[in-house]
Number of protein chains: 2
Amino acid sequence: MTTNSVGTDVAVSADRLHDAVVQILVGEGATLADAAQQAEVLVEGDLRGHPSHGVRRLAVLVGRMRNGLIRTGVAPRTTWISDAFLSVDGDRGFGPVVAGVAIEAITRRAAESGIALAAVHNANHMGMLAPYVERIAAVGQIGIALTTSEALVHPWGSARPMVGTNPVGIAVPTESEPLVLDMSTAAVSMGKVLDHVATSQPIPLGWAVDRHGRPVTDPVEASDGALSPFGGPKGYALGIALEVLVGTVTGTAFGPRKQGTLDVEHVATKGDIFVAISLDRIGGLPHLSLVEAYLQDVRASGTGPDPVTVPGDRARATRAERLANGIPINPQVWQEVEQLLEEHGA
Amino acid sequence: MTTNSVGTDVAVSADRLHDAVVQILVGEGATLADAAQQAEVLVEGDLRGHPSHGVRRLAVLVGRMRNGLIRTGVAPRTTWISDAFLSVDGDRGFGPVVAGVAIEAITRRAAESGIALAAVHNANHMGMLAPYVERIAAVGQIGIALTTSEALVHPWGSARPMVGTNPVGIAVPTESEPLVLDMSTAAVSMGKVLDHVATSQPIPLGWAVDRHGRPVTDPVEASDGALSPFGGPKGYALGIALEVLVGTVTGTAFGPRKQGTLDVEHVATKGDIFVAISLDRIGGLPHLSLVEAYLQDVRASGTGPDPVTVPGDRARATRAERLANGIPINPQVWQEVEQLLEEHGA
């Protein structure tokens with residue numbers, strides 16, 4: 001538990017958190033099935049130590065439901081453009097609900113066709129990508145997820161937020177746990193910058209620039225400027241390439257025209273791609289033991305004080321610890337949850 | 001032209017360089033068609049300002065031909081595992097020759113099926129990825145290229161070279177020039193570190209670590225250690241995810257088991273993936289003007305002294321300038337070329 005200027009984190013069990021979110025979303029009119037899927041993804045964010053993608057997002061989701069920007073009980077329209085390319089119109093559904101339909105369809109298809117891609121538009125925020133690609137890996141397939149997001153990141157040489165934080169999710173099955181990459185192409189999330197605003201703590205240089213393009217440590221000036229890409233000009237290049245790739249494949253908006261994941265006023269105009277590649281179908285199963293051995297060698301290659309991890313290791317450890325001991329939830333966020341529960345007579 | 005401890009760069013026209021490489025490769029027994037394709041990719045490296053992927057690589061290619069590790073006049077074996085998934089056994093052919101066969105096949109297929117992927121094994125070094133994805137973009141398709149490479153990069157927390165420099169190539173068509181990403185997931189190429197060894201210049205902190213894992217500025221200590229991933233732990237996570245993704249999809253080697261792109265002793269055991277997505281087939285053509293407008297907005301968003309560029313812009317400008325004024329070639333490299341030409345009676 002950490003203490004900050006707004007109080008001490010509240011320890012909440014994953015089940016309690018999940019039930020609270022379901023109760024609130026159902027109270028707001030969601031079907032039980034939709035509420036459960038959305039709750040699962042939010043709770044996974046908190047369980048894995050990424051509160052920016054956790055229950056903190058609930059208030060915006062509720063606001064969007066109230067404004068008719070998220071629909072429940074929808075049937076996303078899936079159209080197979082070809083054997084391996086699925087177009088999905090999310091019909092303004094919850095992100096996790098639409099993703100569930102897309103992933104079900106492409107994993108079934110990839111089992112026959114080796115590879116299948118879903119191009120999703122008109123869906124709400126997906127949350128963390130790890131749970132989706134893990135779901136694909138769980139059926140023995142490689143999972144890839146790409147999504148665009150609000151333009152919060154500056155191009156290299158600019159102070160204007162023109163590029164999404166555009167995260168990448170990749171899961172590759174092994175003989176044991178999959179390798180799971182889930183990272184944004186920004187140096188940090190805007191949520192973390194805002195945490196520093198709330199606690200009046202400086203941010204490290206490199207996270208963000210002010211509105212004149214100067215790297216800053218003042219989180220207020222940063223929140224008025226733009227997030228920096230991770231890894232300097234290379235990270236910018238990767239981020240904008242994904243921006244244009246995802247926008248073009250899904251037929252969705254670019255740059256600042258993407259709206260509707262952080263606000264409660266606009267239809268979601270970003271896009272999402274999911275890819276499944278069946279190892280069984282492409283003859284890749286004999287490779288699982290080689291991947292396993294390689295990743296073990298990498299984990300054992302440490303030469304410094306910190307352990308060497310493979311993408312997914314730390315999130316898995318944090319998740320296990322929090323499942324056992326409860327999830328530290330920011331007191332303001334928990335207060336919002338309790339208030340919403342009260343509104344729905346709980 | 002730059003001057004260093006070994007002399008002044010030699011200005012050579014692209015045509016002259018291309019002809020020299022063709023003459024040498026044909027003299028070494030390559031078919032004219034194979035020699036031309038390999039020469040084109042090497043010259044493109046130099047034309048775009050990436051000598052590490054330019055004619056500097058010729059000596060290794062010649063050594064590999066002499067040792068029977070590169071075959072010429074091969075017919076790569078292509079097997080459509082499914083409608084959209086092509087397996088390519090490169091039969092130890094030149095990388096660019098095998099890539100040409102793969103790209104021809106997947107672009108034709110993608111025109112019908114929307115998306116097609118080629119998983120390549122048993123091919124030699126591809127060189128820069130930009131020319132390949134540009135070729136896909138030139139027929140109105142999105143091109144993606146991923147390849148693994150010799151393990152020169154350390155995992156985060158390790159000093160051991162365990163991960164390839166694993167580059168990513170992405171080209172997305174626009175109404176004018178495509179966006180073209182071509183970047184390795186290492187902070188820098190080993191070629192650049194060796195340039196600093198040759199000229200006894202220190203390297204910037206962050207490029208590499210010594211064999212104890214300490215970030216170093218001494219290029220000799222760096223060449224005895226490992227390259228760092230770009231962008232710290234995030235770049236490492238991306239690099240190893242691509243390592244495992246490409247190795248699994250292509251059925252090729254992982255980590256230090258990858259050989260045969262820098263040496264003249266081993267069969268090439270790395271893998272390559274090419275993906276083509278037809279904008280026409282997936283209904284994406286109306287989006288070209290939106291991409292175009294977005295990228296123009298990005299280019300115009302500069303707030304600092306340096307111009308804001310989109311991936312591909314700088315390489316295009318360098319290429320145009322060098323086509324007009326000649327390519328500066330390292331004098332030692334040029335000497336090697338002249339020596340090889342002499343050996344073949346030119």
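**Exercise 1.** How many salt bridges does the rule find across the interface of chain A and chain B?

*Solution.* Start with the model. It is predicted: local features need pLDDT of at least 70, side-chain atom pairs count only at pLDDT 80 or more, and totals for chains, interfaces and linings use all residues. Residues are numbered from 1 along each chain as its sequence is written, chains are lettered from A and ligands numbered from 1 in the order in which they are written, and side-chain values use heavy atoms, leaving out hydrogens and water.

Next, the rule. A salt bridge is a side-chain nitrogen of Lys or Arg within 4 Å of a carboxyl oxygen of Asp or Glu. Across this interface the rule finds 0.

**Exercise 2.** Describe the contact between chain A and chain B.

*Solution.* Step one: count residues. Contact means heavy atoms within 4.5 Å. Chain A gives 71 residues and chain B gives 72.

Step two: take the area. Buried area is the accessible area (1.4 Å probe) that two parts lose on being put together, summed over both. Here it is about 5,400 Å². Carbon and sulfur atoms give 74% of it.

Step three: find the main residues. On the chain A side, Lys234(A), Thr248(A) and Tyr294(A) lose the most area to chain B, together 13% of what that side buries.

**Exercise 3.** Which rotation superposes chain A on chain B?

*Solution.* Copies are superposed by least squares on the C-alpha atoms of residues with pLDDT of at least 70 in both. The rotation is 180°, with 0.0 Å of shift along its axis and an RMSD of 0.0 Å. That is the relation of a two-fold axis. In chain A, the C-alpha of Gly231(A) is nearest the axis, 1.7 Å from it.
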